Structure formats: C-alpha cells, structure tokens
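Me: I've got a model open here and I'd like to talk it through. Can you take my questions one at a time?

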Amino acid sequence: MLNIVTLGDERLKKHSILVPEFDGEIQTLTEQMFETMYANKGIGLAAVQVGKLIRLFITHIPNDAARVFINPELVETSLEQGAFEEGCLSIPEVNADVLRPQQLKVQAWNLKGRPFSMDADDLLARVIQHELDHLNGVLFIDRLDPKKRERLVKRYEKVISDG
Ligand code: NI
C-alpha cells in the first residue's frame, strides 16, 4: 500500500511528465495504486497522488472494468455539461458539485504499451477528467469559485486538525 499525498503538498500542484517506457516498474506501481485505491474506496487515482509525477492514472467505477490510462490526451469533449458531486482521496471528507463536459473521447496507452482510444460518458467521463486534471496539477476544488474553494479548504483543515 502506498501513502496518499494530501492537500497542502506542493506535488499536487505540479505538472506530471510523460511516462517514458512501459516497464516492470510501471506495472508494479499500477498494481500498488489499485491496492491503494481499493483500500481507500476510491474510483480513480492518479500517480501524483502517490507521489509519482508521471502521466498515469487508474479508474474503477461501479459496473465497469478496472482501467489504466498512460500518457492520456483528451481528444474531444461534449458541449453539454453536467454538475456532479466530486471528492478526492487527496482531500478527504470534502465534496462539491463540479461542472464538466458530460461526454468525451480520450486516447492513451495501456500497460502493454498499446495505444487505444475510447468514448466515455457520465461517471466515467467525470472520473477521467478529474484524474487528467491531477496530471496537470489541478484539483477539483480549483474548478470552484474562489469563495467556495476557500470554505472547503477550511473545512478540510478542520477535519485534519480534529484528527
Ligand atoms: Ni482526486
């Protein structure tokens, strides 16, 4: 199990770099990330959240397969947007509605080093966008208006100080 990097850690604001090669190290990291995500009841996790600043994230939403995205790129997003409550393993106990495109097309590489592209909608599209944001140093609270963001950060700090 890996430690999850939480709000306040500067690494969460950094831009992750491309995964240079698909080797055993990446395979092992991905397996450890799945264990860590499941243990924390998450549905998505980016490598930066376990302290690795590389462009890799995983998802596993209900009624879907476990998925690995390496060096992902958004190809297109729908004009149609929706609001949905998000949370993040790096900001425990804090949730807020975030407005995002409802559908998207993404391309990425899998663990075998093969490129793929896929369409996603609803929850999967949301998780993919949330995790892609992590690779660019963006948290879901950064997408809220500044006052709302500040309220949530205060709430989070209170949760942390209350233990
Ligand atoms: Ni997150």
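Me: Which helix holds both His130 and His134?
Reply: First, a caveat: this is a predicted model, where local features need pLDDT of at least 70, side-chain atom pairs count only at pLDDT 80 or more, and totals for chains, interfaces and linings use all residues. Residues are numbered from 1 along each chain as its sequence is written, and side-chain values use heavy atoms, with hydrogens and water left out. Helices here are DSSP runs of H or I with at least four residues, strands are E runs of at least two, and both are numbered from the N terminus. The two histidines sit four residues apart, about one turn of the helix, and the helix that holds both is H2 (residues 122-135).

Me: Which residues coordinate the nickel ion?
Reply: Donors are N, O and S atoms within 2.8 Å of the metal (3.2 Å for Na, K and Ca), and sites may look incomplete because water is not among the atoms. In sequence the donor residues follow the spacing C-x41-H-x3-H. At 2.1 to 2.2 Å, the nickel ion is coordinated by Cys88 (SG), His130 (NE2) and His134 (NE2).

Me: Is His134 buried or exposed?
Reply: Buried means under 20% relative accessible area, exposed over 50%, and partly exposed in between (1.4 Å probe, protein chains only). His134 has a relative accessible area of 1%, so His134 is buried.

Me: What does Gln129 touch, not counting residues up to four places away in sequence?
Reply: Gln129 lies in helix H2 and counts as buried, at 8% relative accessibility. With contact meaning heavy atoms within 4.5 Å, Gln129 touches Arg100, Pro101 and Leu104.

Me: Where does Leu104 sit in strand S6, on the covered face or the uncovered one?
Reply: Strand S6 covers residues 103-109, and its uncovered face has Gln103, Lys105, Gln107 and Trp109. Leu104 goes with Val106 and Ala108, on the covered face.

Me: Which residue is the bridge partner of Thr77 in S6?
Reply: Two strands pair if DSSP finds at least two bridges between them. Strand S3 (residues 67-77) and S6 run antiparallel, joined by five bridges. Thr77's partner in S6 is Leu104.

Me: And which residue in the turn between S6 and S7 has a positive phi?
Reply: S6 pairs with strand S7 (residues 115-121) in the antiparallel sense over seven bridges, and Gln107 stands opposite Ser117 in S7. The two strands form a hairpin with five residues between them. The residue with a positive phi, about 80°, is Gly113.
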